[in-house]
Amino acid sequence: MKHFTTVHDVANVQALVSDALQLKANPYDYSTLGKNKTLGLFFLDPSLRTRLSTQKAAQLLGMHVLAMNMDRDGWALELEDGAVMNGDKAEHVREAAAVLGQYCDIIGIRCFPKLADKREDYSERTLVKFLHHCKTPVISLESATLHPLQSLADLVTIAENRPQNRKPKIVLSWAPHVKALPQAVSNSFAEWMLASGNELTITHPEGMELCEDYTRGATIEYDQQKALHDADFVYVKNWSSYHDYGKPFTKGENWMLSPESMKVTNNAKIMHCLPVRRDVELSAALLDGKNTLVAAQAANRVYAAMAVLKNMLESGTPAVSGTKQKEFQAG
Amino acid sequence: MKHFTTVHDVANVQALVSDALQLKANPYDYSTLGKNKTLGLFFLDPSLRTRLSTQKAAQLLGMHVLAMNMDRDGWALELEDGAVMNGDKAEHVREAAAVLGQYCDIIGIRCFPKLADKREDYSERTLVKFLHHCKTPVISLESATLHPLQSLADLVTIAENRPQNRKPKIVLSWAPHVKALPQAVSNSFAEWMLASGNELTITHPEGMELCEDYTRGATIEYDQQKALHDADFVYVKNWSSYHDYGKPFTKGENWMLSPESMKVTNNAKIMHCLPVRRDVELSAALLDGKNTLVAAQAANRVYAAMAVLKNMLESGTPAVSGTKQKEFQAG
Amino acid sequence: MKHFTTVHDVANVQALVSDALQLKANPYDYSTLGKNKTLGLFFLDPSLRTRLSTQKAAQLLGMHVLAMNMDRDGWALELEDGAVMNGDKAEHVREAAAVLGQYCDIIGIRCFPKLADKREDYSERTLVKFLHHCKTPVISLESATLHPLQSLADLVTIAENRPQNRKPKIVLSWAPHVKALPQAVSNSFAEWMLASGNELTITHPEGMELCEDYTRGATIEYDQQKALHDADFVYVKNWSSYHDYGKPFTKGENWMLSPESMKVTNNAKIMHCLPVRRDVELSAALLDGKNTLVAAQAANRVYAAMAVLKNMLESGTPAVSGTKQKEFQAG
């Protein structure tokens, strides 16, 4: 795998899930695979689980880690090509990405959407600049539209908890929130469930449809109770509007899942990527109940990241050396 | 030792001091003890010595370290059980602590008091939440009421410098300051001195008594000169009022120790946990004089942390694996 | 080498350049040299390349790294000797430096000038305090007046790209900028070029002369085109006024290098330390052209730092042990 930014970067999703499960069972088996290799983690936005789990994954594989909050520890980045840089941005992404690519064998980058301009966000402007300029394998640590490390961990968690003799019914259920959130986790969950051959039902208020590029093949059901009927897994997540871009849906309080609304499910497991607003997105009773998988999902972030890093390391990323830099200058 | 949050977590204080001294003499003897283990250091408040010394201690034991400023790098934490999370707190400590516990074999947490509500601070609300929800050994990196890593380092420093043939006279002397400071270092120093069988005299302005839970057994002497008479060690520290909770004592300028006021001591060594306000808490002449132990105390922070980590590692903290996570879900 | 703060700390500049080139060719040959040694990186100002490249260099040599933003993660530092610390500075550099020196075998410190008081900046007040109080080898990560790690990397880059049969013509060309920048990179570049026996021409608007202590021996030429004639390397850099201290030169827009103004050179290579303001300091056409060395310079920062660290490690910095601390107390 060259990059890891969407499910389409993965040749064999099932093999990657199996790898993650293997690594979870034997986390120290590859502790020298990453010897002398450096993972750079660059955050343009806050991070807890992603920061820690990816760092831990790299350490378990014997890699060096360089982690940095780009704007706060370094300089504000200019993204615009052709910009005359006489404002407050001290460094262009062309130089920053090129330099980071030289210091690291693999790069992780977190860059949230601004939720102001759909075209800009869905063009994945920042991520694409890094992909283009850093000449090194890139892992998305959550981009404007997708969060593939989360989705891989979700798939691993479902693999551990699914009924063995039949396909599970998986439901993605929109949840209320006090803020306007990105669509990234939801887009990504849909993309990965569908690409891995699962059946997915998505339920949300009318008008809150996600971008069809990710949900094509899923069943859209506006009646939450109908959607939840016989569900095995319910993935709970807020997102702001894709069509009325970035606007929050404010009249959805009755969309919060509770033990009562879960009665129609097949004793479904509850999933959420965290952080979660208790009793806003999801009732505390469900979060603290015996069917919750939220901690398991977070734990599996380590093994999802390990599987991706292992795959990249085994693909033979170029060692940092004089030859690499020459290549860059020539390019 | 399961946790390290107070002297009462330690079965044998003298053995722990001996361990620290051994580790200081031979700091590389256990460089593989922590192989494949992860220490997480989570800061809700600023830190210099604690951050660096604990990180170094873990590295000397071969551990991986994940360090993070919780609020600034991640999300603001909700502590209240049952809170409807529709405000500015994005994540509940229940989830955050559970997740951190899954990523780490041992967790360190720094959480200062707010100095507004005595009951809240002295209930150690934040620390207790982490102890309860993270299912992993926890080391206090200074909590609302105690700073045990500092006190252990202080005890190690006294062990290195004490007269061999008799009990030393140890005095804790209140010092002026421009801000209202926690009582944690002072509470903790008293607790550890008394628990290790030392005799302790505490001197401070009337009304500035510390919480008796920590000072029971110490001699309280309001006359500083009387307290200092024949002292071997003088520990200098400001604290805000425990009884008129969080209020600074503003008329105590004459409590600042100087070479003059030290004349009645037995050529006493000067101790302070740092950072210190020169010529406010303590005269520069004493800090720069030959009797100061402040740098030695700071250096011993490394070996105190090593002794605690070594003890926990040898107690056999569970390896991070699938079984650990299952336990969490069930719990 | 005891410290690394200026070219004058280096006994043999050419040997250090050779060392860096050797390390670049074989970056893993000394991966155990730094075993059990700790490098502390302390930032009083922002950093990207320096932070990452120095950390990576230390990791490649097997060292432990402790990195910290001093003011933000820790406490604000008081620098004034004899200060009564009743203001907003919580810790004096005397204690901070002494403590850091005890935790680390080698210390790196970044401390920019304030550009308000020439005497204060050129006395290298902060750096000198660390040199004096931390009792440990110190590496400048860019100080008020010099940036030796950058200059060493620049010299390595010139060694890789110079004509073999004759001395190259090297030109340092002042560039416009929207902010008032330090003179450190320019002072340092001049110092290193001249100390290594190169010929240097410096071109800038009249009145923007650098401090003669660093430029003595260079040719000063106010006519940029004359200076550029037959140049092999053009180092582009803004600096604020040394004589009218800290003032930016605001009427220098025509000093920005473009493909047109480069025509008189000997197909010169373009150098810049980054971050660079595109189309303000330097035309994007040149930055993106085939003669740019800016990425090569950034890559060579790793090997420059490795060469310095290797030299210090081989000089036998004292191991962190009880003896070291005793020495400190006595000193």
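Strand S10 (residues 233-237) of chain C pairs with S11(C) in the parallel sense, over three bridges. Here strands (E, at least two residues) and helices (H or I, at least four) are DSSP runs numbered from the N terminus, and two strands pair if DSSP finds at least two bridges between them. Within S11(C), C:Lys269 is the bridge partner of C:Phe233. The model is predicted: local features need pLDDT of at least 70 and side-chain atom pairs count only at pLDDT 80 or more, while totals for chains, interfaces and linings use all residues. Residues are numbered from 1 along each chain as its sequence is written, and chains are lettered from A and ligands numbered from 1 in the order in which they are written.

In chain C, five strands in the order S9-S8-S7-S10-S11 form an open sheet with parallel pairing. Strand S9 (219-220) and strand S11 (269-271) of chain C stand at its edges with a single partner strand each, so one side of each has no neighbour in the sheet.

Elsewhere in chain C, helix H6 (residues 125-133) has C:Thr126, C:Leu127, C:Lys129, C:Phe130, C:Leu131 and C:His133 buried; a residue is buried if 20 or more other C-beta atoms, placed from the backbone, lie within 10 Å of its own. These buried residues of H6(C) pack against helix H4 (93-103), strand S5 (106-110) and strand S6 (138-140) of chain C. After H6(C) comes C:Lys135, with a positive phi near 55°.

Turning to chain A, the chain is divided into domain 1 (7-146 + 301-325) and domain 2 (148-297), with bounds from an automatic or database domain assignment. Taken over C-alpha atoms, the centres of domain 1 and domain 2 of chain A are separated by 26 Å. In chain A, 26 residues of domain 1 are in contact with 21 residues of domain 2, contact meaning that C-beta atoms placed from the backbone lie within 7 Å. On the domain 1 side, helix H1 (13-25), helix H2 (49-60) and helix H12 (294-314) of chain A each supply at least two residues, and H1(A) gives the most, with six.

Between chains, 30 residues of chain B are in contact with 27 residues of chain C. Helix H1 (13-25), helix H2 (49-60) and helix H12 (294-314) of chain B each supply at least two residues of the chain B side. H2(B) gives the most to this side, with seven residues.

Note on methods. Contact = placed C-beta atoms within 7 Å. Buried ≥ 20, exposed ≤ 12 C-beta atoms within 10 Å, placed from the backbone.
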